[in-house]
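Take a slow look at the chain before reading on. Follow it by eye from one end to the other, then come back to the text.

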Amino acid sequence: MNSSETPILIELHYLPSLEFFTRLVRGNSVVLEAQENYVKQSFRNRCYIADANGTLPLTVPVIGGRKKIQIREVRIDHNQHWKNVHLRALRSAYGRAPFFEFYFDYFGDVLQKREKYLFDFNLALLTVCLQSLGLTNSISLSETYLRETEGIFLDQRNLIAPKSDFTNRTFYQPVSYVQVFGKDFAPNLSIVDLIMNEGPNSLTVLKASAL
């Protein structure tokens with residue numbers, strides 16, 4: 001089995017970055033890690049967008065995130081008013097983007113639902129992202145946790161992390177596109193930034209960015 005046929009094994013992120021999606025444009029089938037323990041301060045519940053003040057983090061609050069807990073059991077903390085904060089932030093950041101009217105409602109519909117579990121919430125958003133990009137990768141969930149994956153998967157788990165800049169890896173080569181705010185291009189934001197600004201051209205930009 002060559003590398004273009006080997007399934008990618010990767011954890012599920014919240015509105016993932018461009019770097020995350022450069023793994024998917026290879027055309028491989030994707031296995032989402034569904035048996036791991038939750039990792040705090042990761043992209044599992046965090047993403048970055050760009051607004052008038054620069055790069056803005058959006059974080060989904062979770063219950064019991066400091067404890068050892070299986071990823072599919074991590075619950076979203078709906079006692080915090082994060083949904084309205086995220087929706088307002090996305091409208092403020094991308095309301096003037098060329099393709100905001102075409103795509104925002106798809107994301108907004110998921111964000112406004114009271115999804116109980118973080119994993120299910122992220123999976124619903126990933127589905128919207130894939131459909132918006134026109135990516136048709138086969139997506140499945142891991143059934144057991146494997147420490148050794150050689151010859152089975154291209155193991156990409158825990159490589160993309162907030163504390164490690166994308167320049168430390170060889171996944172993503174920034175290809176600039178017009179963004180709503182700022183004179184300087186902000187690379188590797190959430191895929192939402194690319195979709196809102198480039199629409200149907202997003203997949204072309206991703207393919208050009210993939211190493």
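What follows is a walk through the strands, the helices and a few single residues of this model. Keep in mind that the model is predicted.

Start with the open sheet. It has 4 strands in the order S7-S2-S1-S8, and their pairing is parallel. At the edges sit strand S7 (139-141) and strand S8 (154-155), each pairing on one side only. Now look inside the sheet. Strand S1 (residues 8-10) and strand S2 (residues 30-32) run parallel and are joined by 3 bridges. Find Leu-9, and you will see Val-31 of S2 standing opposite.

Next comes another pair of strands. Strand S3 (residues 46-51) pairs with strand S4 (residues 54-59) in the antiparallel sense, over 6 bridges. A hairpin of 2 residues links S3 to S4. Arg-46 stands opposite Thr-59 in S4. Ile-49 has Leu-56 of S4 as its bridge partner. Is S3 mostly covered or mostly open? S3 is mostly covered, with 5 of its 6 residues buried.

Now turn to helix H5. How many of the residues of H5 are buried? The count is 8 of 8. Among them are Ile-191, Val-192, Leu-194 and Met-196, but also Asp-193, Asn-197 and Glu-198. So the list of buried residues in H5 includes charged side chains, since Asp and Glu count as charged. What do these buried residues pack against? Their partners are helix H1 (18-24), S3, helix H2 (82-94), helix H3 (100-111), H4 and H6. After H5 comes Gly-199, whose phi is positive, near 55°.

Two packed helices are described by the angle between their axes and the distance between the axes. The axes of H5 (residues 191-198) and H6 (residues 202-209) come within 9 Å and cross at roughly 130°. The two helices are therefore oblique to each other. Which residues make the contact? From H5 come Ile-191, Leu-194, Ile-195 and Glu-198, while H6 supplies Ser-202, Val-205 and Leu-206. Sorted by class, this contact has 5 nonpolar, 1 polar and 1 charged residues.

Step back to the interior. In soluble globular proteins, nonpolar side chains tend to be buried together. Here the largest nonpolar core has 60 residues. The residues with the most contacts inside this core are Tyr-14, Phe-21, Tyr-94, Phe-107, Phe-121, Ile-191 and Met-196. Helix H4 (residues 118-133) gives the most to the core, with 9 residues.

Which residues does Tyr-94 touch, leaving aside its neighbours within four places in sequence? Tyr-94 is in contact with Ile-49, Ala-50, Phe-100, Val-192, Asp-193, Met-196 and Asn-197.

Arg-23 tells a related story. This residue lies in helix H1. Arg-23 is buried, because its relative accessible area is 4%. The contacts of Arg-23, beyond neighbours within four places in sequence, are Ile-8, Ile-10, Gln-156, Phe-171 and Leu-211. Take Ile-10 as an example. Arg-23 and Ile-10 are 13 residues apart in sequence, and their C-alpha atoms are 9.3 Å apart in space.

Leu-15 is found in the loop between S1 and H1. Its phi is near 40°, a positive value in a residue other than glycine. Gln-41 sits in the loop between S2 and S3. Gln-41 also has a positive phi, near 55°, and is not a glycine. Why does Leu-15 count as buried? Its relative accessibility is 2%, and the cut-off for buried is under 20%. Gln-41, by contrast, has a relative accessible area of 48%, so this residue is partly exposed.

Terms used:
Residues are numbered from 1 along each chain as its sequence is written. This is a predicted model: local features need pLDDT of at least 70, side-chain atom pairs count only at pLDDT 80 or more; totals for chains, interfaces and linings use all residues. Side-chain values use heavy atoms; hydrogens and water are left out. Axes are lines fitted to C-alpha atoms, for helices over the stretch in contact, and angles run from 0 to 180 degrees between N-to-C directions. Angles under 35 degrees count as roughly parallel, over 145 as roughly antiparallel, 65 to 115 as roughly perpendicular and the rest as oblique. Contact means heavy atoms within 4.5 Å. A nonpolar core is a set of buried Ala, Val, Leu, Ile, Met, Phe, Trp, Tyr and Cys residues joined through side-chain atoms within 4.5 Å. Buried means under 20% relative accessible area, exposed over 50%, partly exposed in between (1.4 Å probe, protein chains only). Two strands pair if DSSP finds at least two bridges between them.
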